[in-house]
Amino acid sequence: MAEITICYCFNVTKADIEKRLAEGKSLDEIRADTGLGWGCGGCARMAEKLWGENGDPNDPSFYFNAVETDNSGTGVESDAD
Ligand code: FES
């Protein structure tokens with residue numbers, strides 16, 4: 001299974017974070033150890049939503065962009081009007 005990268009600035013993967021959480025580290029400690037969220041900041045909100053105080057690590061909407069599709073399989077949008 002491919003690794004899911006959470007922080008591209010510091011190459012921190014989902015597995016890295018979950019391993020550290022299992023070791024008893026807090027998200028703040030993980031940020032300090034890895035740089036998570038301290039580069040461009042683009043991953044900070046996702047990390048907070050997944051593993052922060054009120055986070056939900058099983059929320060799939062933060063792994064994939066929630067783009068609505070027509071599921072027709074064509075990959076082409078209709079321009080009927
Ligand atoms: S992607 Fe994590 S700080 Fe830029």
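Helices are DSSP runs of H or I, at least four residues long, numbered from the N terminus. By that assignment, Lys 49 lies in helix α3. The model examined here is predicted.

The chain contains 3 helices and 2 strands. Along the sequence, these elements follow the pattern β-β-α-α-α. Of the 81 residues, 15% count as buried. Among contacts with a separation of 6 or more, 36% join residues 24 or more positions apart.

The largest nonpolar core comprises 10 residues. Its members are Ile 6, Cys 7, Val 12, Ile 17, Ile 30, Leu 36, Cys 43, Ala 47, Leu 50 and Trp 51. At least two residues of this core come from β1 (5–7), and at least two from α3 (44–51). Helix α3 gives the largest share, 3 residues.

The buried residues of α3 include Ala 47, Leu 50 and Trp 51. Viewed down the axis of α3, the buried residues fall within an arc of 70°, so they line one face of the helix. The elements covering these buried residues include β1, α1 (14–22) and α2 (27–34).

Cys 7 is one of the core residues. Neighbours within four places in sequence are left aside in its contact list. The remaining contacts of Cys 7 are Val 12, Leu 36, Gly 37 and Cys 43. Val 12, Leu 36 and Cys 43 are themselves members of the core.

Cys 9 is placed in the loop between β1 and β2 (12–13). It counts as partly exposed, because 15 C-beta neighbours lie inside 10 Å. Beyond its neighbours within four places in sequence, Cys 9 is in contact with Gly 35, Gly 39 and Cys 40. Cys 9 and Gly 42 are 33 residues apart along the chain. Their C-alpha atoms are separated by 8.9 Å.

The loop between β1 and β2 also holds Asn 11. Asn 11 is exposed, because 12 other C-beta atoms lie within 10 Å, and a count of 12 or fewer defines that class. The backbone of Asn 11 has a phi near 55°. This is a positive value in a residue other than glycine. Most residues other than glycine have a negative phi.

Definitions and conventions:
Residues are numbered from 1 along each chain as its sequence is written. This is a predicted model: local features need pLDDT of at least 70, side-chain atom pairs count only at pLDDT 80 or more; totals for chains, interfaces and linings use all residues. A nonpolar core is a set of buried Ala, Val, Leu, Ile, Met, Phe, Trp, Tyr and Cys residues joined through C-beta atoms within 7 Å. A residue is buried if 20 or more other C-beta atoms lie within 10 Å of its own, exposed if 12 or fewer, and partly exposed in between; C-beta atoms are placed from the backbone. Two residues are in contact if their C-beta atoms, placed from the backbone, lie within 7 Å. The arc is that of the directions from the helix axis to the C-beta atoms.
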